[in-house]
Amino acid sequence: MRRPILIALALLLASFLSVAAGAAPASGPESDASFTVNQHGQAVGTASFHIAATADGYDASSTVKVAMQGLDYALSKNEELTSANELKHVLLSATVNDQAVSVTAKPDAAQLLLNISANGRSTTTRLETHSGAVFLPDFDPGALETLLALAVAHNNRDLWAVIPRQDGSVAPVTLATYPDQEGTLDGQPIPVHHLVATINGDHTDLFAGPENQLLQAELPQPGFVLVRKGFVLKPPAKPVAPVE
């Protein structure tokens with residue numbers, strides 16, 4: 001009987017020493033998703049995101065590649081988020097029709113400091129900071145995934161988008177909830193939540209799974225849709241209206 005007792009004591013001592021040494025908690029599960037970028041039903045690019053839990057929040061990255069007539073677009077974004085999905089720091093690099101763009105953003109006192117370099121010109125803009133703000137480049141599924149997480153935490157209220165275009169701006173996000181729909185993911189039936197985000201008068205239809213994961217986004221750019229690989233949305237039987 002002595003050997004099991006000694007093993008138990010050793011495990012207890014190891015646990016005590018780990019706590020005393022201030023061992024960091026294990027990170028939560030990682031999240032990855034890949035998407036096809038479609039325009040009018042034709043694939044014109046790909047997009048993906050990766051989110052990993054850290055000791056005090058999340059590290060998130062996104063990549064986008066769109067190649068079609070009139071648009072050659074590539075994006076790489078890395079950001080740090082708090083445990084409440086609030087922005088700590090973001091670094092973006094992109095090319096738009098061979099023109100390089102770089103953006104950095106981080107909170108600075110009570111404002112958000114946004115630096116944008118494009119076409120040989122650099123600008124620094126200070127924007128109002130909001131706890132429910134998401135950094136929202138074009139075609140970025142990771143930003144929309146973060147918006148869905150913020151929407152849950154803020155009960156669909158007090159949401160904002162930081163838009164890294166021209167000198168940069170911040171705009172309110174209004175979310176309307178529509179009746180649930182149906183779809184399949186990797187051939188298996190899945191319930192689908194439907195929300196519509198309105199930003200500066202433009203509408204984005206968001207379709208999310210039961211774990212609030214982004215499945216599809218119908219973007220404000222004409223005819224563009226992000227579709228998670230393996231997901232098929234079942235068309236509604238009749239036109240839908242927002243849930244009051």
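**Strand 15 and its surroundings**

Modeller: Thr36 has Val227 of strand 15 as its bridge partner. Strands here are DSSP runs of E with at least two residues, helices are runs of H or I with at least four, and both are numbered from the N terminus. Keep in mind that this is a predicted model, where local features need pLDDT of at least 70, side-chain atom pairs count only at pLDDT 80 or more, and totals for chains, interfaces and linings use all residues. Residues are numbered from 1 along each chain as its sequence is written, and side-chain values use heavy atoms, with hydrogens and water left out.

Colleague: In what sense do strand 1 and strand 15 pair?

Modeller: Antiparallel, over five bridges. Two strands pair if DSSP finds at least two bridges between them.

Colleague: And how many bridges join strand 14 to strand 15?

Modeller: Three, and those two strands also run antiparallel. Gln216 stands opposite Val227 there. Strands 14 and 15 form a hairpin with five residues between them. Gly223, in the turn, has a positive phi of about 80°.

Colleague: Is strand 15 mostly covered or uncovered?

Modeller: Mostly covered: five of its five residues are buried. Buried means under 20% relative accessible area, exposed over 50%, and partly exposed in between, with a 1.4 Å probe and protein chains only.

Colleague: Which residues sit on each side?

Modeller: Phe224, Leu226 and Arg228 are on one side, Val225 and Val227 on the other. In a regular strand the side chains alternate between the two faces of the sheet.

Colleague: New topic. How many residues has the largest nonpolar core?

Modeller: It has 53. A nonpolar core is a set of buried Ala, Val, Leu, Ile, Met, Phe, Trp, Tyr and Cys residues joined through side-chain atoms within 4.5 Å. Phe139 and Leu226 are among those with the most contacts inside this core.

Colleague: Where does its largest share come from?

Modeller: Helix 2, residues 141-153, which gives six residues. There is also a second, separate core of nine residues, including Val225 and Val227.

Colleague: What does Phe139 touch?

Modeller: Val37, Tyr73, Phe224 and Leu226 are among its contacts, not counting residues up to four places away in sequence. Contact means heavy atoms within 4.5 Å.
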